[in-house]
Amino acid sequence: MKITGIELRRIAMPLRAPFRTSFGVETTRDVLLVRVVTPEAEGWGECVAMSEPRYCSEYVDGAADVLRRFLIPALPAGRADAHAVKRAFAPFKGHKMAKAALETAVLDAQLRTAGESFGGYLGAARDRVPCGVSVGIMDSIPELLDTVGGFLDEGYVRIKLKIEPGWDVAPVRAVRERFGDDLLLQVDANAAYTLADARQLAKLDAFDLLLIEQPLADDDMVQHAALAKLLKTPVCLDESIESAEDAAAAITLGAASIINIKPGRVGGYLEAKAIHDVCVAHGVPVWCGGMLETGLGRAANVALAALPGFTLPGDTSGSRRYFATDVTAPFELADGHLAVPAGPGLGVEPVADILDDVTTSTEWIEL
Ligand code: OSB
Ligand code: MG
């Protein structure tokens, strides 16, 4: 497959409501899209880096820079497929989200050319996936209960509450009391605690949570293992896992008994699948995380979430969770599930007029 050119397109997607986590508040999703053009097909990749390096070290301007300066020039000249692209990027350290966006765009073009879907290629075992939703930090408990109630009315099968010091036991208790013991409930701290908070975090053991996600810093693998011994709630890692090697280390150390797989964070869908395979081999459940993706990124995530090791509901919410208007036909929940796209590649297309409306800049790189 010969790549003739690449478009870097920035879009600004207003959020329906601000999304607050322990690391900041988001009101507009600033997204970098990568479009790979070949004589046979075009492919899309969504870069999940955020505007500022608060979730991880990557940020959108940095991702655009490393793409145009290093990654695009390193693309294999002749036959480019996703595996060759992954190998070509290996000499460059880090920048997993930038790598993932370009690798995904190449894989999409490759699969559209072959007439194969992402789900088929990755090994999806079902045609729809159960959906959870990530609920941001709110100003008050009543506001949180209203928000959670609204999501349950929409059919979400699992609730994840964002937590931070000062917003942990009280919101969890309130949601558990209001919505009952059968609710699938978990929390995500985005690295807001230290091991000195173990006693506070152990209070969450009373609420029968599915898991606590990334309580400590991303580079605190040993401390996560120590914390896991002090908690009944299973520890799940997000930020700490950037590769299959990290996943194997976390499992061996006892730092995680569940892993959140985000393709952007780990450098793409090939590495995501490798992590899935490591976890399945160790009997460790995985689930698909999210980064407020548009329909383009969501399509591939839903395909990944259909693999057999994804035994917990993911943060694969419907388009309207974040956006009034998505850039693709909207993903809509049916009975708490999203359908895995079946068409070639991502199985979805951007709607040209909508995409143009939200575009803030485009750059064409001829190869
Ligand atoms: O930690 O999972 C996270 C969003 C942005 C950055 C990090 C995270 C999140 C979410 C939302 O929790 C996931 C989603 O709904 O897309
Ligand atoms: Mg997380």
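Student: In this predicted model, which residue is the bridge partner of V135 in β6?

Tutor: Strand β5 covers residues 132-135, and 4 bridges join β5 to β6, residues 158-162, with the two running parallel. In β6, the partner of V135 is L161.

Student: Which strands are the edge strands of the sheet?

Tutor: The open sheet has 7 strands with parallel pairing, in the order β5-β6-β7-β8-β9-β10-β11. An edge strand here pairs on one side only. That applies to β5 (132-135) and β11 (286-288).

Student: At about what angle does helix α6 run to β7?

Tutor: Helix α6 comprises residues 169-179 and lies across β6 and β7, the latter spanning 184-188. The angle is taken between N-to-C directions on a scale from 0 to 180 degrees. For α6 and β7 it is about 170°.

Student: Is Q186 buried or exposed?

Tutor: Q186 is placed in strand β7. Beyond its neighbours within four places in sequence, its contacts include L161, L210, E213 and W287. The cut-off for buried is under 20% relative accessible area. Because Q186 has 0% relative accessibility, it counts as buried.

Student: Which residues are the protein donors of the magnesium ion (ligand 2)?

Tutor: The donor residues are spaced D-x24-E-x24-D in sequence. Among them, D188 in strand β7 and E213 in strand β8 (residues 212-213) are 25 residues apart and link distant parts of the chain. Both D188 and E213 are buried. The donors lie 2.1 to 2.3 Å from the ion and are D188 (OD), E213 (OE) and D238 (OD).

Note on methods
Residues are numbered from 1 along each chain as its sequence is written. Chains are lettered from A and ligands numbered from 1 in the order in which they are written. This is a predicted model: local features need pLDDT of at least 70, side-chain atom pairs count only at pLDDT 80 or more; totals for chains, interfaces and linings use all residues. Side-chain values use heavy atoms; hydrogens and water are left out. Two strands pair if DSSP finds at least two bridges between them. Contact means heavy atoms within 4.5 Å. Donors are N, O and S atoms within 2.8 Å of the metal (3.2 Å for Na, K and Ca); water is not among the atoms, so sites may look incomplete. Buried means under 20% relative accessible area, exposed over 50%, partly exposed in between (1.4 Å probe, protein chains only).
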